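Try each task before reading its solution.

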Amino acid sequence: MGLTKPFLDTISTDSTRGPLNLITDVPGVSVGQTTFNSGTHHTGITVVKPTSDNVFLNKLPAAAHVINGFGKSTGLVQINELGTLETPIVLTNTFAVGTAETALAEAMMAENPAIGDTTSTVNPVIMECNDGDINDIRDVFITQKDVLNTLHQTSQTVAEGTVGAGVGMSCYDLKGGIGSASRVITIDGKSFTMGALVLSNYGFLRDLNIYNVPVGEKLAADKAEKKQKEKGSIVTVLATDIPFNSRQLTRIAKRASVGITRTGAFIGNGSGEIVLAFSTANRVAHYPKTELTAQTAITDDKIDRYFRMTVSVVEEAILSVLTHATTVTDRKGNPRLSLHNALQAYQAEHADPEIARLQAQLGI
């Protein structure tokens with residue numbers, strides 16, 4: 001649902017929130033999640049299914065952009081070479097990438113018996129963040145069955161915060177996880193949608209800034225800095241039914257970095273920021289009937305409004321992570337506080353009117 005209160009920091013003045021304010025506002029997009037959150041197991045799986053039909057047979061224009069490449073993703077090289085997405089997208093923790101890739105390949109082969117036989121192989125797309133601070137990542141217990149079950153249970157409902165692949169993630173040293181938001185824009189009298197889903201696991205507490213309130217500095221003032229290097233990550237998935245081609249989707253994906261940094265991030269040496277953008281328009285047939293094709297596309301000299309839309313939807317998705325996440329006891333028995341609980345504790349000591357106003361603006 002994104003934020004439950006009006007988003008106050010919009011850079012996009014000609015777009016509005018979608019009806020669900022989720023990535024699933026884009027027609028055909030669905031999301032599935034499996035959550036493990038007990039003992040030392042704080043991890044999971046989030047699947048973004050880009051269409052309701054067979055995406056291998058009718059591929060989607062797509063692009064991947066690596067802002068900083070400290071990551072272990074699969075499938076991005078081929079996406080940027082061919083400009084198409086042909087599988088669902090699986091998000092999980094670092095050491096579950098291989099399991100997820102095998103499971104997704106098997107699911108695609110089951111749906112398409114020609115794969116690896118009479119036609120090409122398939123390009124599974126898996127992206128990850130390291131949840132090892134909270135989750136016992138060395139206990140590699142996620143199975144192919146877990147991934148397959150998640151693939152087969154997608155819907156338009158998207159839980160946010162401490163769910164799915166986001167269970168063990170942190171954001172600005174607070175509890176992180178899954179967040180989503182959407183924007184609707186009018187093009188030549190017709191409505192089109194862009195949605196974002198983020199897996200947020202990055203940032204220093206002292207850098208967190210929300211609506212120009214230095215909330216991170218306030219929360220960090222009474223605490224010793226726990227980490228010295230930025231080793232977190234954020235994965236961003238952008239979905240839209242706007243008819244962008246793959247080159248334009250690359251440009252759209254690059255603007256996600258602005259949405260990320262507007263909340264205070266600087267993108268460190270050891271962090272992994274990866275963006276995958278796709279459009280459900282201009283489908284690409286695996287078995288084309290003609291050699292020539294015609295596509296509708298946005299003109300480049302009008303694209304600034306979509307860059308603004310991208311920045312806005314990514315920033316809100318990140319704030320949605322922080323507002324929906326719940327406190328978790330990590331693998332060593334220590335609490336990783338949610339923003340909600342951290343602000344409550346701060347207010348009990350300081351009664352800061354600026355923080356009280358921010359709590360009301362965020363609905364926490």
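**Exercise 1. Strand 12 and its partners**

In what sense do strand 11 and strand 12 pair, parallel or antiparallel, and over how many bridges?

Solution. Before starting, note that this is a predicted model, where local features need pLDDT of at least 70, side-chain atom pairs count only at pLDDT 80 or more, and totals for chains, interfaces and linings use all residues. Residues are numbered from 1 along each chain as its sequence is written, and side-chain values use heavy atoms, with hydrogens and water left out.

Step 1: find the elements. Helices (H or I, at least four residues) and strands (E, at least two) are DSSP runs, numbered from the N terminus. Strand 11 covers 190–201 and strand 12 covers 233–240.

Step 2: look at the pairing (two strands pair if DSSP finds at least two bridges between them). Strands 11 and 12 are antiparallel, with eight bridges. As one example, Val198 has Thr236 of strand 12 as its bridge partner.

Step 3: check the other neighbour. Strand 12 also pairs with strand 13, this time in the parallel sense and again over eight bridges. There, Val235 sits opposite Ile274 of strand 13.

Step 4: ask about burial (buried means under 20% relative accessible area, exposed over 50%, partly exposed in between, with a 1.4 Å probe and protein chains only). Eight of the eight residues in strand 12 are buried. Ser233, Val235, Val237 and Ala239 point one way, while Ile234, Thr236, Leu238 and Thr240 point the other way.

**Exercise 2. Strand 7 and the crossover**

Solution. Step 1: strand 7 takes in residues 125–129, and five of its five residues are buried. Val125, Met127 and Cys129 point to one side, with Ile126 and Glu128 pointing the other way.

Step 1: strand 6 (residues 89–93) runs parallel to strand 7, joined by five bridges. Ile89 has Val125 as its bridge partner in strand 7. To get from strand 6 to strand 7, the chain passes through helix 2 (residues 97–111), making a right-handed β-α-β crossover. Right-handed here means that, with the strands pointing away from the viewer, the path from the first strand over the helix to the second runs clockwise.

Step 2: zoom in on Met127, which is buried at a relative accessible area of 0%. Contact means heavy atoms within 4.5 Å. Leaving out residues up to four places away in sequence, Met127 touches several residues, including Val90, Leu91, Val235 and Ile274. Met127 and Gly71 are 56 residues apart in sequence, yet their C-alpha atoms are 8.0 Å apart.

**Exercise 3. One face of helix 5**

Which residues of helix 5 are buried, and why do they line one face?

Solution. Step 1: helix 5 spans residues 246–254, and its buried residues are Gln248, Leu249, Ile252 and Ala253.

Step 1: look down the helix axis. The buried residues fall within an arc of 145 degrees, so they line one face. The arc is that of the directions from the helix axis to the C-beta atoms.

Step 2: find the cover. Among the elements over these buried residues are strand 4 (58–69), strand 12 and helix 7 (304–324).

Step 3: inspect the N-terminal end. Asn245 caps helix 5 there, with a side-chain oxygen 3.2 Å from the backbone nitrogen of Arg247.

**Exercise 4. The whole chain**

Step 1: The chain has nine helices and 16 strands, and 56% of its residues are buried.

Conventions: Polar contact = N/O pair within 3.5 Å; in protein donor to acceptor, adjacent residues only side chain to side chain.
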